[in-house]
Amino acid sequence: MGMIHRRLRIALLCVSALLLGAVASPTAHAADVNGQTLAGVSGTGIHNTYNDKSTYTYLANALDTGTSLVELDTWHNVFNGKWDVSHSNPLGSDDNCVQASTAADLYTGNRNQNLDSCLDDIRIWLQAHPTSHPVMVKIEMKNGFYDTLGMNPTEFDGYVKAHLGSVLYTPADLLTKKDGTRYPDLDTAAKANNWANYGSLAGRAIVDIIPGTFEQAVSPASSWSDVVYAQHLKDLAAAGNIGQAAVFPSVLGAQVVDPRTRYSDTTLRPWFVVFDADAAAWVGDGNTEWYDTNHFLTVVTDAYDVSPALSSSAPSLADAQARIAQLAADGASYVSSDWITAPADGVLGEVLTRG
């Protein structure tokens, strides 16, 4: 009996240790956020998810990590009338997206497809994983919109909706109250924390767009994609057609004061509730609670770059987890990095309470 009792005691101690470990684990912590709205949660993400084909052979491989954010770079291609996905080639796609029609197709076939296929891959993956974290799809509009060939916000809305379909969470979803009426603008809706409950967004996608590096270099700020799309949202709302909108425009360079003051047209400012910031600047500004208090979403990039700087590709797991926790506590909604090697399995699935 003594031996049995000792074995039973050891077994109970092991179970207790496992339970204690679970309490501290990211997965267990993630379960605590289901009472929060989308704005009360901090997830992790992968920078330029489509671009590193040596690590993620297919876009679905990146989604398999449990990441809460993927990033795509798009170019409007005036020669073929399509949205290409690549880092630096404006005339063709260079990515890990395939032309999938079923979940079985996600890990096979020719890559280097257009944005429509990338969005199809995301939708099909989410439909095959209906209990997964909601995924933020961050799109850098490298050369913005091009109205002359119809590659404008209206066309882009239809494009995104056609390929993400029912998994898409839209500006109209944020605006709509439980009684079916709507807030007048995104700012008012966000400040009322009208974002959907995080748990209800399992298997869903939300898309934000940022101005691209190319358009920033060659075009006046008044024509960048953030301004153009905010005007589009305003016009749709005025016409009673906000349900057509598919994405959220993002403000680059979140800072200590409201960065929307850069927009000289004050009527556009209430249509921005998503912000994008470099992690080092984010931590250094000292007033990031403003974003959290107002329930604005923030994408914080280059997580390794906060002092003391970590490896940009392979920090220790403990350091990576500590940095994610630091940025989550500092009010980041999404923490993006290039950690795709050693620590990836330990941090990419983390979902923490924000703030």
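A: Two residues are in contact here when heavy atoms of theirs lie within 4.5 Å. The model is predicted.

Leaving aside neighbours within four places in sequence, Trp-195 touches Thr-37, Leu-38, Ala-39, Tyr-169, Leu-174, Ala-190, Ile-206, Phe-248, Val-273, His-295 and Leu-297. One of these, Phe-248, also forms an aromatic pair with Trp-195. A pair of aromatic rings is described by two values, the distance of the centres and the angle of the planes. For Trp-195 and Phe-248 the centres are 5.8 Å apart and the planes are at 35 degrees, and the pair counts as tilted. This pair links distant parts of the chain: Trp-195 lies in the loop between helix H7 (186-191) and strand E6, Phe-248 lies in strand E7 (residues 248-252), and 53 residues separate them. Both Trp-195 and Phe-248 are buried.

A second pair, Tyr-263 with Phe-272, is stacked, with 4.4 Å between the centres and 0 degrees between the planes. Tyr-263 and Phe-272 are both buried as well. The structure holds 14 aromatic pairs. Ring pairs also join Phe-275, Trp-282, Trp-290, Tyr-291 and Phe-296 into a cluster. A ring can also lie under a charge: the charged end of Lys-177 sits over the ring of Tyr-183, 4.6 Å from the ring's centre.

Next comes the core around Trp-195. The largest nonpolar core has 101 residues, and Trp-195, Leu-115 and Phe-156 are those with the most contacts inside it. Helix H4 gives the most to this core, with seven residues.

H4 covers residues 115-128, which makes 14 residues. From its first C-alpha to its last it reaches 20 Å, close to the 20 Å expected. Of these 14 residues, 11 are buried. Leu-115 is one of the buried residues of H4, and others include Cys-118, Leu-119, Ile-122, Ile-124, Trp-125 and Leu-126.

The 14 residues of H9 should span 20 Å at 1.5 Å a residue, and its end C-alpha atoms are 20 Å apart, so the two values agree. The buried residues of H9 include Val-227, Tyr-229, Leu-233 and Leu-236. Just after H9, Gly-240 has a positive phi of about 75 degrees.

Asp-305 is in the loop between strand E9 (297-301) and helix H12 (317-329). Beyond its neighbours within four places in sequence, Asp-305 is in contact with Asp-278, Ala-280 and Arg-323. The C-alpha atoms of Asp-305 and Ser-337 are 9.4 Å apart, although 32 residues separate the two in sequence.

Finally, the whole protein. It has 13 helices and 11 strands. Of its 355 residues, 50% count as buried. Among contacts between residues at least 6 apart in sequence, 69% join residues at least 24 apart.

Definitions and conventions:
Residues are numbered from 1 along each chain as its sequence is written. This is a predicted model: local features need pLDDT of at least 70, side-chain atom pairs count only at pLDDT 80 or more; totals for chains, interfaces and linings use all residues. Side-chain values use heavy atoms; hydrogens and water are left out. Helices (H or I, at least four residues) and strands (E, at least two) are DSSP runs, numbered from the N terminus. The expected span of a helix is 1.5 Å times one less than its number of residues. Buried means under 20% relative accessible area, exposed over 50%, partly exposed in between (1.4 Å probe, protein chains only). A nonpolar core is a set of buried Ala, Val, Leu, Ile, Met, Phe, Trp, Tyr and Cys residues joined through side-chain atoms within 4.5 Å. Rings of Phe, Tyr and Trp (its six-membered ring) pair if their centres lie within 6.5 Å; planes under 30 degrees apart count as stacked, over 60 as edge-to-face and the rest as tilted. A charge sits over a ring if NZ of Lys or CZ of Arg is within 6 Å of the ring centre and within 35 degrees of the ring normal.
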